[in-house]
Amino acid sequence: MRLYNTLTRSLDPFAPQDGSTVGMYVCGPTVYDHLHIGNVRPVLVFNAFRRYLERFHGWRVVYVQNVTDVDDKLIQRAAETGESVPALARKYTDAYFALLDALGVDRPSASPRATEHIEEMIELISCMVKTGAAYVRDGDVYFRVSRDDEYGCLSGRSLEDQEAGSRVEVSDRKENALDFTLWKAAKPGEPEWPSPWGNGRPGWHTECVVMSRKHLGERLDIHAGGNDLVFPHHENEIAQARATSDKPFFRFWLHNGMLHMGEQEMHKSLGNFRYAYEILEKHAAETVWYFYLSRHYRKPLDFSEEGLEGAAAAVGRVRRLLDDVDAELRGSAAEPGTAGREFLDRLGAFRERYVQAMDDDFNTVGGLGVIQELVNEINRFRAEARDDDRCALRAAAELVRELGYPLGLFQPHVQTGRDSEAELIALLIELRAELRARKEFALGDRIRDRLAEIGIVLKDTAQGTIWKSEAP
Ligand SMILES: [Zn+2]
């Protein structure tokens, strides 16, 4: 398979270094707020990628995603809300995992927290101070960019370019405007840890170097994240890795494109964003997967309600076919006749073409196209097939599910709710909240209990009530 590697700017052949296990690190959330819909893209794309590697290449994937639970944004938010930083971090870490569950995303193999790795970060920074790769100023520690000849290798920016066009905040404490913070001296009221340079806290760029090495060891195959992280975050990770070890850091750097809202890139700072859980109030998780994967991961994705509705329609079409086939074939187990066997022979080509697309820089657009063509083929066969050939449809439906699995689609056990069903449940949740606000708890409980009877389980969380379908 080939993957576009930001580091080499080319499509490079990929296989795990040890031939069997892929070590993958995806930069995780800073837990100061709910995830917005832009943050959901890497979550879905790289989870799909992980499933594909496991299911279609047979590789084991160790998937590490950090949780940044100490950071400027968290400290600022805590000051605004009056909560403590750890309480705030806990709340949004829980909300993050609840969202992964609601989306049907697999939990990472490891979810290391920054605050659990402070000692290792101090060790790494000490090593850089000792060699002169970093320097100390009044309790702050900075990385000395001028000592690193290869700085800019990932983002393709030369030091001169960067200095000329630099909007990096100039500080007379730093030798160079591009030098970045490794350790921040504590300010009153902020979380702090003791260090050789006084009390303080580590900078964001250091945590991913420490945690990826610790949890992946030598398996540094793929480092992934949004393309807004290429510079400075990933560039700075590579610089620290180079300054502290002769061993190569990650071989492949994968970056997803940004989400657009209308003409603009979506950014929290522009105010044109929506929270991910808001989308799930209206749309089934499967629809959300389909929508995000219907555009190549490196390209920008235009977010729109029409796009989501289109995805819901595409998913619904396949779901109806699978439901019909399941119902038709219940109990039938005969061997198909000639026409049925010929139909089965044709199916292999769909799987091959799907793998070809996905192996080509994880082309999920091509993969989804193959699934839709397969569905057309199945519908054609269904329209003409004689009774004794119909049992061939079972293998065809299984193939649809097999190809859909990495993309979060068409599984028998995932939430099969149609969007109108999701809307109805959202309405009931709203009514129940209203009843509870009026202290009519018995009525509220009745809604919850009756939904549970039909397999819809409500769960009250910090960010509101979520639901899950447990129907068979
Ligand atoms: Zn990172």
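Among the contacts in the chain with a separation of 6 or more, 74% are between residues 24 or more positions apart. This figure, like the others here, is computed from a predicted model. The chain has 472 residues, and a compact globule with that number would have a radius of gyration near 23 Å; the chain has 25 Å, which agrees. Along the principal axes, the C-alpha atoms fill a box of roughly 80 × 60 × 40 Å. Of the 472 residues, 39% count as buried. The secondary structure consists of 15 helices and 15 strands.

The chain is divided into domain 1 (2-270), domain 2 (314-407) and domain 3 (419-469). Between domain 1 and domain 2, the C-alpha centres lie 41 Å apart. Their contact takes 10 residues from domain 1 and 10 residues from domain 2. On the side of domain 1 that touches domain 2, the elements giving two or more residues are β1 (2-5) and α1. Of these, α1 gives the most, with 6 residues. By class, this side of domain 1 has 7 nonpolar, no polar and 3 charged residues.

The largest nonpolar core has 111 residues, of which Leu 44, Ile 125, Phe 143, Trp 289, Tyr 292 and Val 400 touch the most other members. Helix α1 (residues 40-57) supplies the largest share of this core, 9 residues. The core draws at least three residues from each of domain 1 (2-270) and domain 2 (314-407).

Helix α9 (residues 285-293) is mostly covered, with 9 of its 9 residues buried. An α-helix has 3.6 residues a turn, so residues three or four places apart point the same way.

The place of Glu 218 is in the loop between α6 (204-216) and β9 (222-226). Glu 218 counts as exposed because it has 11 C-beta neighbours inside 10 Å, and a residue with 12 or fewer is exposed. Glu 218 and Glu 286 are 68 residues apart along the chain, and their C-alpha atoms are separated by 35 Å.

Thr 30 is another loop residue, found between β3 (21-26) and α1. Is Thr 30 buried or exposed? Thr 30 has 21 C-beta neighbours inside 10 Å and therefore counts as buried, since the cut-off for a buried residue is 20 or more. Not counting residues up to four places away in sequence, Thr 30 touches Thr 68, Asp 71, Lys 73 and Leu 74. The C-alpha atoms of Thr 30 and Val 62, 32 residues apart along the chain, are separated by 21 Å.

The strands can be taken next. Strands of a sheet pair through backbone hydrogen bonds, either parallel or antiparallel. β1 and strand β2 (residues 10-13) pair in the antiparallel sense over 4 bridges, with Asn 5 opposite Ser 10 in β2. Elsewhere, 3 strands form an open sheet with mixed pairing, in the order β12-β11-β13. Its edge strands, β12 (264-265) and β13 (301-303), each pair on one side only. Strand β11 (residues 259-261) and β12 run antiparallel and are joined by 2 bridges; here Met 261 stands opposite Gln 264 in β12.

Some details of the backbone remain. Most residues other than glycine have a negative phi, and most peptide bonds are trans. Arg 9, in the loop between β1 and β2, has a positive phi of about 55 degrees although it is not a glycine. The hairpin of β1 and β2 has 4 residues between the strands. Arg 9 is exposed because 10 other C-beta atoms lie within 10 Å. Phe 410 also has a positive phi, of about 65 degrees, and is not a glycine. Phe 410 lies in the loop between α13 (392-404) and α14 (419-437), and is buried because 23 other C-beta atoms lie within 10 Å. Finally, a cis peptide bond joins Phe 231 and Pro 232, with omega about 0 degrees. Pro 232 is found in helix α7 (residues 230-244).

Definitions and conventions: Residues numbered from 1 in each chain as written. Predicted model: local features only at pLDDT ≥ 70, side-chain atom pairs only at ≥ 80, totals over all residues. Core = buried A, V, L, I, M, F, W, Y, C linked by C-beta atoms within 7 Å. Domains from an automatic or database assignment. Contact = placed C-beta atoms within 7 Å. Nonpolar A, V, L, I, M, F, W, Y, C, P; charged D, E, K, R; others polar. Rg over C-alpha atoms; globule rule 2.2 N^0.38 Å. Pairing = 2+ DSSP bridges.
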